[in-house]
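Please have the model open as you read.

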Amino acid sequence: MISSVSFGKHIPIMQSCIKNTKNNNSVPVTLSEVDCMDYEDVETMFKACPNWKYTRHIAADIHNKYCCNYNLYDIEYPYNFYVLKDSEENIIGFCETEDCDSFINLEYLETKQNDKFKYAGQTILAMLGKILQKQNKDSIFIPNPASGAIDFYTQKCGFWPVDKDREWGSLIIDEKAMSALISDVEAKTNSKIVDITG
């Protein structure tokens with residue numbers, strides 16, 4: 001295990017494994033929080049994820065939090081940013097969340113679009129579930145899921161529509177279903193999700 005210190009402004013918080021699609025071998029991964037204390041954090045997203053769908057959105061929001069951290073904007077900024085990295089420090093997934101009183105909003109989630117890894121997105125969600133449990137929150141809410149990701153969230157991860165009469169809309173998962181997702185991901189990857197923050 002590695003200690004929870006900052007490497008390049010990314011603070012490791014969770015470790016687990018995903019799978020290599022070619023040989024089904026385990027690939028160690030670390031979820032790190034982006035501290036948004038250096039403009040380099042914005043540049044890193046563009047360099048590491050240049051053609052990803054949500055890179056510009058994430059980078060803009062990291063910039064906003066960076067400005068808030070230095071009191072350039074006189075507002076609270078309740079958004080958090082996480083990157084999933086392999087053992088070579090390559091970013092293979094990222095997400096943005098918003099802290100609310102009793103739940104977490106998932107604003108963006110994206111994984112590297114290639115055929116090299118599997119379970120990266122589910123592992124990020126399961127790790128967010130561990131964060132949810134640690135913070136004693138009761139659910140993760142997705143206010144505006146991408147239409148192409150609905151099946152992923154509902155069929156693979158256990159989310160359900162907030163409005164059951166609508167085919168497409170906001171999604172939610174509660175703590176009980178999130179615990180089931182964590183167990184499912186750990187079984188699929190044959191790896192425990194470990195909190196390394198102490």
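1. The buried residues of helix 3 are Ala120, Gly121, Gln122, Thr123, Ile124, Leu125, Ala126, Met127, Leu128, Gly129, Ile131 and Leu132. That is 12 of 15, and helix 3 is mostly covered. Do keep in mind that this is a predicted model.

2. Just past helix 3, have a look at Asn136, which takes a positive phi of about 55°.

3. How do helix 3 and helix 5 pack? Helix 3 (residues 120–134) meets helix 5 (residues 175–189) at an angle of about 135°, and their axes lie 9 Å apart. Helix 3 is therefore oblique to helix 5. Their crossing is left-handed.

4. On the helix 3 side, the residues making this contact include Leu125, Ala126, Gly129 and Leu132, while helix 5 brings in, among them, Met178, Leu181, Ile182 and Val185. Sorted by class, the contact of helix 3 with helix 5 has seven nonpolar, six polar and five charged residues.

5. Now turn to Ile91, in strand 4 (residues 91–99). Is Ile91 buried or exposed? Its relative accessible area is 6%, so Ile91 is buried. Ile91 and Lys47 are 44 residues apart in sequence, and their C-alpha atoms are 10 Å apart in space.

Terms used:
Residues numbered from 1 in each chain as written. Predicted model: local features only at pLDDT ≥ 70, side-chain atom pairs only at ≥ 80, totals over all residues. Heavy atoms only, no water. Axes fitted to C-alpha atoms, helices over the stretch in contact; angles between N-to-C directions. Helix = DSSP H or I, 4+ residues; strand = E, 2+ residues; numbered from the N terminus. Parallel < 35°, antiparallel > 145°, perpendicular 65-115°, else oblique. Left-handed = near helix turned anticlockwise from the far one by under 90°. Contact = heavy atoms within 4.5 Å. Nonpolar A, V, L, I, M, F, W, Y, C, P; charged D, E, K, R; others polar. Buried < 20%, exposed > 50% of the residue type's maximum accessible area, 1.4 Å probe, protein only.
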